[in-house]
Amino acid sequence: MDLRPATLRSAWTWLAITLAVLACGRPRDTTVRFQASDGTPRYVPHVRAVTVTTVPLLVKEQQGVLPFLKEDFARGGVLDGKEVYAFSPSTITVVQGDTIHFTFINPEDDVHSFVLPDLAVSLPAQKVTTATYVATHAGIFPFVCAIQAHLPMMLGQLVVLSAESMRGAH
Ligand SMILES: [Cu+2]
């Protein structure tokens, strides 16, 4: 080990600078992250777990239970070429900056999908699928199943509240 005075002096100088930076930096950092300039606490983004299940409402398999569906699904009927499914829940509310951990459950023997403007997830039949999404922009964003036979009925909306509107809230 080198114990010459010059080496010891530079080691002490380095230590003093490091301690000074740590002492000054930490409190300022905390203030910026959790408080606005007027003292109102800023919203701290959450990680939210959301389970979405695809649910059959009026589908061909039900024709034996609901006889009117035979006419509805027939050529020229009100559901010609269509089946009615829903996302449950169909409205999801989060805050700008939140991370959503999606779990999609598709119990049917039909394929579905979950499509936002910037996310597309295929939902295979009788499978559980997961996806992660960061809600970077505030607004109301529609999501749909892109299977033509399920449009336009199979849809919902992701409501992303602005972080500014959630100041001081949880
Ligand atoms: Cu679908």
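Gln 126 is exposed, since 10 other C-beta atoms lie within 10 Å; the cut-offs are 12 or fewer such atoms for exposed, 20 or more for buried and in between for partly exposed, with C-beta atoms placed from the backbone. Although Gln 126 is not a glycine, its phi is positive, about 55°. Gln 126 sits in the loop between β6 (119–123) and β7 (127–134). Strands here are DSSP runs of E with at least two residues, numbered from the N terminus.

The model is predicted, so local features need pLDDT of at least 70 and side-chain atom pairs count only at pLDDT 80 or more, while totals for chains, interfaces and linings use all residues. Residues are numbered from 1 along each chain as its sequence is written.

Strand β7 belongs to an open sheet of four strands, ordered β2-β1-β4-β7, with mixed pairing. β2 and β7 are at the edges with a single partner strand each, so one side of each has no neighbour in the sheet. From one strand to the next the twist averages 20°, where axes are lines fitted to C-alpha atoms and angles run from 0 to 180 degrees between N-to-C directions. Two strands count as paired if DSSP finds at least two bridges between them. β4 (residues 99–106) and β7 run antiparallel and are joined by eight bridges. Thr 103 has Thr 130 in β7 as its bridge partner.
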